[in-house]
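Please look over the structure below before reading on.

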Amino acid sequence: MDKNFKTRLSVGLGMFTVALFALYTFNGIPFKIIFGLFAAVSAIELMSFFHNKFTIKNAILGLIELALLIGGTIFVAKIDVAHFWYIILGVCGYDIFAYLFGKAFGGKVFVKSRPFPKISKNKTWEGTILGLLSSIGMVAVMIAVRGSFATDWFYLLCGPLALVGDLFESALKRSFKVKDSNEVVIKNEVFAKLEYCVGGTEGHGGFLDRIDSTAFTATILLLISLLV
């Protein structure tokens, strides 16, 4: 087990424990506040990207990402704990199983197993497909248990949306020529301490890297919920 994975695993478990506690206290209000703070710091990281390169294209991409952070925060603020579990299972389920299946089977079924070589070269067809199926399956089981398919069917999109959100942020960082979302702010002493909360030492990403898929997914779900 490499050091990078150990850091991400320990930070991930710590964040999950805090999130679980926050979800089940005071009707999940602490969790909603924490998510809002994450989005706010992510927005600061996003603005720091312009330190590297400012173009019209990057400005448009930056505004879209900012809109996703705002939209995601609004949706998280309005849903209850049960519905947020759909997002956790869909987004985190895809992320975890895509990684595990990619590590276990990547390149063993598809010879050229790189579906997005120019955006995210580490993703494999095996991990992506099995991660999506696992994500959709887990959300489907929860919807079936709750008997709420008529109202909650669109949460089945959480996994696919998480993939698109991850790819969008990867494309965003490539456009700005940024490797990790904390690449600029980590050099500031105050932000260096803040970023440590999410394992944000240099090379381990920052707040935006942790909630990019969730923000994208929640924003699209917000739009769907307004239309159906």
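Which residues is Phe31 in contact with, leaving aside its neighbours within four places in sequence? Phe31 is in contact with Ala19, Ala22, Leu23, Val76 and Phe84. Contact here means heavy atoms within 4.5 Å.

This is a predicted model, in which local features need pLDDT of at least 70 and side-chain atom pairs count only at pLDDT 80 or more, while totals for chains, interfaces and linings use all residues. Residues are numbered from 1 along each chain as its sequence is written, and side-chain values use heavy atoms, with hydrogens and water left out.

**The chain as a whole**

The chain holds nine helices and zero strands. From the N terminus on, its elements run α-α-α-α-α-α-α-α-α. Helices (H or I, at least four residues) and strands (E, at least two) are DSSP runs, numbered from the N terminus.

A compact globule of 228 residues would have a radius of gyration near 17 Å, and the chain agrees with its 17 Å. That radius is taken over C-alpha atoms, and the globule rule is 2.2 Å times the number of residues to the power 0.38. Along the principal axes, the C-alpha atoms fill a box of roughly 50 × 50 × 35 Å.

Of the 228 residues, 46% count as buried. Buried means under 20% relative accessible area, exposed over 50%, and partly exposed in between (1.4 Å probe, protein chains only). The accessible surface of the chain comes to about 12,200 Å². Carbon and sulfur atoms account for 72% of that surface. These areas come from the Shrake-Rupley method with a 1.4 Å probe; for residues, only the protein chains shown count as cover.

Take the contacts between residues at least 6 apart in sequence: 72% of them join residues at least 24 apart.

Phe31 sits in helix H2. Its relative accessibility is 9%, so Phe31 counts as buried. Phe31 and Val76 are 45 residues apart along the chain, yet their C-alpha atoms are separated by 9.0 Å.

Both residues also belong to the lining of the largest cavity. Rolling a probe the size of a water molecule over the atoms shows where empty space is left. On a 1 Å grid over the protein atoms alone, a cavity is a set of points where a 1.4 Å probe fits but cannot get out, and lining residues have an atom within 4 Å of a point. Grid points are joined across faces, edges and corners, and a volume is the space filled by probe spheres set on the points.

How many cavities of 30 Å³ or more does the structure hold? There is one. The largest cavity has about 40 Å³ of space. Its lining is made up of Leu23, Gly28, Phe31, Lys32, Val76, Ile79, Asp80, Val81 and Phe84. Helix H2 (29–48) and helix H4 (81–105) each supply at least two of the lining residues. By type, the lining divides into six nonpolar, one polar and two charged residues. Ala, Val, Leu, Ile, Met, Phe, Trp, Tyr, Cys and Pro count as nonpolar, Asp, Glu, Lys and Arg as charged, and the others, Gly among them, as polar.

Leu221 is found in helix H9 (residues 207–227). Beyond four places in sequence, Leu221 touches Phe75, Ile87, Phe154, Tyr155, Cys158 and Leu161. Phe176 lies in helix H7 (residues 158–176).

Phe110 is in the loop between H4 and helix H5 (125–146). Its relative accessibility is 34%, so Phe110 counts as partly exposed. Leaving out residues up to four places away in sequence, Phe110 touches Trp125, Glu126 and Ile129.

The table gives C-alpha separations for pairs of residues.

| Pair | Apart along the chain | C-alpha separation |
|---|---|---|
| Phe176 and Lys57 | 119 residues | 9.7 Å |
| Phe110 and Val185 | 75 residues | 39 Å |
| Leu221 and Asn122 | 99 residues | 27 Å |

Is Leu221 buried or exposed? Leu221 counts as buried, because its relative accessibility is 0%. Phe176 also counts as buried, at 0%.

**Positive phi in two loops**

Asn27 is in the loop between helix H1 (3–23) and H2. Its phi is near 60 degrees, a positive value in a residue other than glycine. Asn27 counts as exposed, at 71% relative accessibility.

Lys177 is in the loop between H7 and helix H8 (189–195). Lys177 has a positive phi of about 60 degrees, although it is not a glycine. At 61% relative accessibility, Lys177 counts as exposed.

How values were computed:
On a 1 Å grid over the protein atoms alone, a cavity is a set of points where a 1.4 Å probe fits but cannot get out, and a pocket is an open set with protein on both sides within 12 Å along at least five of seven lines; lining residues have an atom within 4 Å of a point.
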